[in-house]
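Here are my notes for you to read alongside the structure. Have the viewer open and find each spot as we go.

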Amino acid sequence: MNNQADWAEESWRQVVDKIDKTSIDIGASFPNGSVNGRYNRSPAHDWVAGFWPGLLWLVYRDTRNERLKDLAVQCEQQISRTLWAFDALHHDVGFMFGLSSINQYKLLQDEEARRHGLMAASLLAGRFNPAGGFIRAWPNWGDEDHTGWAIIDCMMNLPLLYWASKEIADPRYRHIAEIHADTVLRSFFQEDGSVHHIVSFDPETGERKEALAGQGYAADSAWARGAAWALYGFALSYTYTGKERYLLAAKRVARFFLDHLPADSVPYWDFRLPADAEGMPRDSSAAAIAASGLLDLASLVSGEEGGAYKQAAERILRSLHENYGAWDEDEEGLLLHATGYFAADIAVDAPLIYGDYYFAEALYKLKNNGLEPW
């Protein structure tokens, strides 16, 4: 390959070929992390459920492969039934329904899928706590009280609210999304541009109580995937609202992320690890998410600044393609060496479906000069 266009085209073809092959066994199920070359499967209410149909829709856009379309529709049918189960749902309905139902509506003009997306947006809006101006992340799981918890990942769920607000000409959804984004600006950022994973608020008064480590190394560390969620999420909030403060936030996180990358442009799972970090695993999923966000950021600013963001995204993606791709292996995942939840030893140094999705999404953006957000 002699130039960047060549490697990107090759990488996209490898993604398409692999999804076409693995979809035969994966079918209309919900992959999560890979173990011994095969994805674990999750239930339809899991936060990762949207990423496999999201991948199928991405490839369908390019190939019009009817078999992949049919699988994506079957996935959406299962995900939509969780709306009536209700109890197991959470703030990540944005990931779930944005990549499944809203894609299906946009690509097939499926009115039932549109309705599912609007129902999910109403559920997400119902998790808003006006006392603290935040969207509650999770139900109470295990022995933990999550009543006042918000997490950085939710920046990626806000597009569901922005979409719904525009779709039915009702500003309430957008107002909730902006209030949550503003709370993140005030309460999640550290001085260097990194972000906390979890912030706990008093659910009655709205007072900020503390930051929690979550999936990061420590409460005041810098979880790599959290930075990627923030970078991409604030770029999306700017796309939908045009509010300058969100663009500035995306740039701030992008600067931190890019300034702390190792030589191969793929971060360790946390940017503030102890001195012996060389023995720690990378997180290729964080790199893929950030690359897709950087391409959006590149489209939002002009001149040399935009070009620099695009070049950074291409460096990350090329490294993922050449050094982390599972192209010639007996492996369902696309990218090796991601890290799910290090402290709990869940999907450490393994492919992850969301890393695979955002890698493919970013390649699609390169190939087609962008992708409309859901």
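**Notes on the model**

1. Start with a pair of residues in a sheet: Thr 339 has Val 348, in strand β9, as its bridge partner. Keep in mind that this is a predicted model. The two strands involved are β8 (residues 338-341) and β9 (residues 346-350), which pair in the antiparallel sense over 3 bridges. Together β8 and β9 make a hairpin, with 4 residues between them. Look at Asp 345 in that turn: its phi is positive, about 55°.

2. Now for charges. Side chains of opposite charge can pair when their charged atoms come close. A search of the whole structure turns up 20 salt bridges. One of them joins Asp 20 to Arg 67, with the closest N and O atoms 2.9 Å apart. Asp 20 belongs to helix α1 (residues 4-26) and Arg 67 to helix α3 (residues 66-85), so this pair ties together parts that are 47 residues apart in sequence. Asp 20 is partly exposed at 33% relative accessibility, and Arg 67 is partly exposed too, at 32%.

3. Stay in helix α3 for a local pair. Lys 69 and Glu 66 meet in a salt bridge at 2.7 Å, N to O. Why are they separated by about one helical turn? Because Lys 69 and Glu 66 are 3 residues apart in helix α3. Buried or partly exposed? Lys 69 counts as buried, with a relative accessible area of 17%, while Glu 66 is partly exposed at 40%.

4. Have a look at Glu 178 and Arg 245 as well, whose side chains meet in a salt bridge at 4.0 Å, N to O. Glu 178 sits in helix α7 (residues 171-187) and Arg 245 in helix α9 (residues 244-259), so the pair ties together parts 67 residues apart in sequence. Glu 178 is buried at 9% relative accessibility, whereas Arg 245 is partly exposed at 36%.

5. On to the rings, where the count comes to 25 aromatic pairs. Take Trp 138 and Trp 149: the ring centres are 6.1 Å apart and the planes are at 65°, so the pair is edge-to-face. Trp 138 is in the loop between β4 (134-135) and β5 (149-151), and Trp 149 is in strand β5, 11 residues apart. Trp 138 is buried at 15% relative accessible area, and Trp 149 is buried at 12%.

6. Phe 256 and Phe 271 also form an edge-to-face pair, 5.3 Å centre to centre with 85° between the planes. Phe 256 lies in helix α9 and Phe 271 in the loop between α9 and α10 (284-300), 15 residues apart. Both Phe 256 and Phe 271 are buried.

7. Two last things to find. One aromatic cluster is formed by Trp 47, Phe 51, Phe 95, Trp 229, Tyr 232, Tyr 354, Tyr 357 and Tyr 358. Then there is Arg 282, which lies over the face of Tyr 268, 4.3 Å from the ring centre.

Technical notes. Residues are numbered from 1 along each chain as its sequence is written. This is a predicted model: local features need pLDDT of at least 70, side-chain atom pairs count only at pLDDT 80 or more; totals for chains, interfaces and linings use all residues. Side-chain values use heavy atoms; hydrogens and water are left out. Two strands pair if DSSP finds at least two bridges between them. Buried means under 20% relative accessible area, exposed over 50%, partly exposed in between (1.4 Å probe, protein chains only). Rings of Phe, Tyr and Trp (its six-membered ring) pair if their centres lie within 6.5 Å; planes under 30 degrees apart count as stacked, over 60 as edge-to-face and the rest as tilted. A charge sits over a ring if NZ of Lys or CZ of Arg is within 6 Å of the ring centre and within 35 degrees of the ring normal.
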